[in-house]
Amino acid sequence: MTALKASTALRLRATSCPAALPGVIQPAYDRDRLTVGVVHLGPGAFHRAHQAYYFDQLLAHDPRWGICAVSLKSPGVRDALTPQDGLYTLAQLDEDTTFRIIGSIVEVLVAPEDPPAVFARLAAPMTRMVTLTVTEKGYCLSSEGGLDEAHPDIVHDLANPREPISAIGYLVEGLRRRFAVGLAPYAVVACDNLADNGWRLKAAVTAFANRVEPELAAWIEAEGRFPRTMVDSITPATDDVLRGRVETATGLYDAWPVQREAFTQWVIEDVLGADAPDLASVGVTLTDDVRGFERAKLRLLNGVHSTLAYAGILRGHQTVFEAISDPVLAKLARDLMVEDIIPTLTAPRGLDLAAYAEAILKRFRNPEIRHLLAQIAWDGSQKLPFRILGTLGEALEAGRSVDRLALPLAAWMRFIRLWVAAGEAIVDPLAERLVAIAATCGGDTKSDVAAFLALHEVFPPAMAANPKFVAALEGAYASLA
Ligand code: CS2
């Protein structure tokens, strides 16, 4: 992801910050006074555009919440940010465009290179919160929703709990060290797009801990705080166009800036307790009604995003903006929202679902944001269950039509076939199986659909055997030929 420095501009770092062009927003605090209060697992673009931005604001009045960012696999973020003293630029691309230098990340660690440094941060008394963005697959859950004990990383970590490689393994080893010395557990804040993310994570962490040390599991069960959350901000991956734009606007070279729309939202279940950072003071919603927000966002925004991704690629589009500008897809998106998804939702207090859906469609039409459909299409086997199948299962139970809801699934199947036929890599933890299925698809609707439906990691067996669902899927698949 990081590009070699090709420009002659000064590189962004603590000493060059003051040389940034006028109008660039700078950290409003003395970075030398910060201490680490948060460990973040998975500092990809979304974390740096979202949670790190909220902490950047918080640090202006409370220096205890600097972030130690931990990459679980690759050194890319560390290699880009350490020479920049952890600083990077957040480009907010919308009707009003702003460039903001974010200073909340004070340290970047690469877990496989230095596990003791990660454990030391996790076990430090000052660390009170661990946030994570490790994508759906990083939770190592089975299709039933609990810890997948057959997952290769979990198999490894259960055999070597003091030398973990998975996020679950790190969380448990950090908690074990705190338990051993009588420290309170850290709050664990899941920031990925999974329904009931915090609850699922707590169940997975406790199940893992139970295999390692039952007393530890009982302590986590009793004292652990794993709020459910809803996170939202559209964050396309960084590319060289962004690097160039940031350099022009700031006058500084940044190896890995990030971009997002102006809209950002973070809703956290209000269970963090008194020693938590005052996130409400920087615009985070703390509520006992997170489920309503989270379902509405996952189903309306992410569900329709995935629909636009697969159906859009089939129609030759590259970006969300292009897809939503296609009248056929714009109609599909709105009809799905209004006719199929909203009827399954319970609005959280104060949220008008129809207006919320319209606002999402407007965000998709943001011409400043070049969000590649291919980025959204990744990991479909992990995303579709939360984004579409929940809605679809409830529609089936309520006796409603699932014809339109079957379209994104059929489009995903056709996308896999198209991508494999074109020799493009499938980015998905089930890639090998998907490629094998695509190889068996000869164009006969019934047998092609049946081959995909046999993927029980994606389609629960009862749903895959439901004649109304199968007929809807076959109809949608044939219609996309
Ligand atoms: C997108 C999300 O890549 C994807 O699958 O649907 O990253 C989406 O942009 C965010 O959830 C918006 O908050």
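Trainee: Which elements each supply at least two residues of the shell around the ligand?

Mentor: Helices and strands are read as DSSP runs numbered from the N terminus, a helix being H or I over at least four residues and a strand being E over at least two. Here, β9 (229-232), α10 and α15 (380-397) each contribute at least two residues to the shell around the ligand. Helix α10 gives the largest share, with four residues. Please note that this is a predicted model, in which local features need pLDDT of at least 70 and side-chain atom pairs count only at pLDDT 80 or more, while totals for chains, interfaces and linings use all residues. Residues are numbered from 1 along each chain as its sequence is written, and side-chain values use heavy atoms, with hydrogens and water left out.

Trainee: Which residues around the ligand come nearest?

Mentor: A residue is near a molecule or strand if one of its heavy atoms lies within 4 Å of it. The ligand has 13 residues around it, and those that come nearest are Asp-232, Lys-297, His-305, Lys-383 and Arg-387.

Trainee: What is the division of the shell into nonpolar, polar and charged residues?

Mentor: Ala, Val, Leu, Ile, Met, Phe, Trp, Tyr, Cys and Pro count as nonpolar; Asp, Glu, Lys and Arg count as charged; the others, Gly among them, count as polar. In this shell there are four nonpolar, five polar and four charged residues. With domain bounds taken from an automatic or database domain assignment, domain 1 (10-288) and domain 2 (291-479) each provide at least three residues of the shell.

Trainee: How does one read the distances between side chains and an oxygen atom of the ligand?

Mentor: A polar contact is a pair of N or O atoms within 3.5 Å; within protein, one must be able to donate a hydrogen and the other to accept it, and residues adjacent in sequence count only if both atoms are side-chain atoms. For Lys-297, a polar side-chain atom lies 2.7 Å from an oxygen atom of the ligand. For His-305, an N or O atom of the side chain is 2.8 Å from a ligand oxygen, and for Lys-383 the corresponding distance is 2.8 Å. The protein buries 89% of the 340 Å² that the ligand exposes when taken alone, with accessible areas computed by the Shrake-Rupley method with a 1.4 Å probe; for residues, only the protein chains shown count as cover.

Trainee: How many salt bridges does the structure hold?

Mentor: Side chains of opposite charge can pair when their charged atoms come close. A salt bridge is a side-chain nitrogen of Lys or Arg within 4 Å of a carboxyl oxygen of Asp or Glu. The structure holds 30 of them. One of these joins Arg-211 and Glu-149, at 2.3 Å from N to O. Arg-211 belongs to helix α7 (residues 197-212) and Glu-149 to the loop between β7 (129-132) and α5 (152-159), so the pair ties together parts 62 residues apart in sequence.

Trainee: Is Arg-211 buried or exposed?

Mentor: Buried means under 20% relative accessible area, exposed over 50%, and partly exposed in between, with a 1.4 Å probe and protein chains only. Arg-211 is exposed at 51%, whereas Glu-149 is partly exposed at 36%.

Trainee: Where do Glu-173 and Arg-177 lie?

Mentor: Both lie in helix α6 (residues 167-180), four residues apart, a separation of about one helical turn. Glu-173 is buried at 2%, and Arg-177 is partly exposed at 31%.

Trainee: With which residue does Arg-315 form a salt bridge?

Mentor: The partner is Asp-326, with the closest N and O atoms 2.7 Å apart. Arg-315 sits in the loop between α10 (290-314) and α11 (320-324), and Asp-326 in the loop between α11 and α12 (327-341), so the pair ties together parts 11 residues apart in sequence. Arg-315 is partly exposed at 43%, while Asp-326 is buried at 8%. Elsewhere, salt bridges that share partners join Asp-196, Arg-228, Glu-269, Glu-294 and Arg-295 into one network.

Trainee: Which side chain makes a polar contact with that of Arg-299?

Mentor: The side chain of Thr-344 does, at 3.1 Å. Arg-299 is part of helix α10 and is buried at 5%. In strand β2 one finds His-40, buried at 0%, whose side chain is joined to that of His-47 by a polar contact of 3.2 Å.
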